Amino acid sequence: MSSPGPYSGSSPSSPARPATPQSRGSPVPPPPPPRPSSRPKLPPGKPITDLTRPFSPPVSGSPPPFAPLARAESSSSISSITSQSAASTPTLGRDLNMSTTGCSRGPSPLTMGPQDTLPVAAAFTETINAYFKGADPSKCVVKITGEMVLSFPAGITRHFASHPTQPILTFSISNYNRLEQVLPNPQLLCCDSTTESVDTKEFWVNMPNLMSHLKKVAEQKPQATYYNVDMIKYQVSADGIQSTPLNLAVSWRGDATNTDLRIDYKYNTEAMAAPVPLHNIHFLVPVDGSIAKLQAMIPPATWNPEQQTIQWKLPSLSHRSENGGVGALLGRFQMIEGPCKPSQLAVQFTSEGSTLSGCDIQLVGTGYRLSLVKKRFAAGKYLADN
């Protein structure tokens, strides 16, 4: 149930980045290039703290459903970037019919003069991990991680070679106060080092390092059309069950002859920056016991007798769905020898066009233009117990 990459199976073509830091005393990257004097300094967002905080349910009740979320389990790990560069079909160079915000359908082909602006595309991808215990909302544990990737057209390397003196690429991230932990790419990004919380934070790119990196990628992947560069990893501040786009409650009831399973679900608009539908929702439940026959599955579900699992699939769910996206799944089993032992529900879904953090990107200064911004989130380890 690993979470998907930004929008394709390929990894971003980012340079090597360190593993998860152990404290806020992490090594400081090399001194940044001079910041443009015309731009006033802005204070940063929240400091990186408590990076080793485990993600597990409360001590009472069932044992932790899964181990602490390692950096390698995020939508694309920092370490994986070391060994992989841009694919021939990069993240932002395809599937442009997805819900997006921006001025065009993708980075424009690079046929331009020295006074034109360079196209840059961006993608936010977030993964939500959640654990629900019965119908008690206070026992819901949530962790949301995300990443921001920039994508450049392949022709930008030729442009940089012809025009080595380029404006510094600077951008700001809005809704920055929603982020608890931020890991900028230390080789490529610079920002103010103060720790005051702000709604918007500004970053600027180390242009010599970016040019050098893109040149290496172009040599390694001459057929690539776009180069995806991982810029920022982050964790989103979560508020328990209110931060989950799909609320869950599982109930098992039974005796020696029959077992009833009920799954209540609710689409939660409050968890998203902008309400968007959830797609391809799968509910998978193992049934632990000797089943004589299935008596009912409402709505109809798929029963796998070999694996002893029942699976419901909903194509989409939103506030426009029946009952505002609130419903229940019911299963009744006749047992040979009961009752059935309650098992854990696992859920998967994806969503396009919005994020859970509400973060957005704006370019600052001249010389570049945002040609496309994509936003997506998906379920990682999304589990529920009786």
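I count a salt bridge when a side-chain nitrogen of Lys or Arg lies within 4 Å of a carboxyl oxygen of Asp or Glu. I searched the whole structure and got 6 salt bridges.

I note that the model is predicted: local features need pLDDT of at least 70, side-chain atom pairs count only at pLDDT 80 or more, and totals for chains, interfaces and linings use all residues. Residues are numbered from 1 along each chain as its sequence is written, and side-chain values use heavy atoms, with hydrogens and water left out.

**Entry: Lys 233**

I looked up Lys 233 and Glu 147. Their side chains form a salt bridge at 2.7 Å, N to O. Lys 233 sits in strand β8 (residues 226-236) and Glu 147 in strand β3 (residues 141-153), 86 residues apart. Strands here are DSSP runs of E, at least two residues, numbered from the N terminus.

I then checked burial (buried is under 20% relative accessible area, exposed over 50%, partly exposed in between; 1.4 Å probe, protein chains only). Lys 233 counts as buried because its relative accessibility is 1%. Glu 147 is buried too, at 0%.

Lys 233 also meets Asp 230 in a salt bridge at 3.5 Å, N to O. I logged Glu 147, Asp 230 and Lys 233 as a salt-bridge network.

**Entry: Arg 262**

I found a salt bridge from Arg 262 to Asp 264, with the closest N and O atoms 2.9 Å apart. Arg 262 is partly exposed at 38% relative accessibility. Asp 264 is partly exposed at 27%.

**Entry: sheet**

I traced an open antiparallel sheet of 4 strands, ordered β6-β7-β4-β17. Strands pair if DSSP finds at least two bridges between them. β6 (189-191) and β17 (360-364) are the edge strands.
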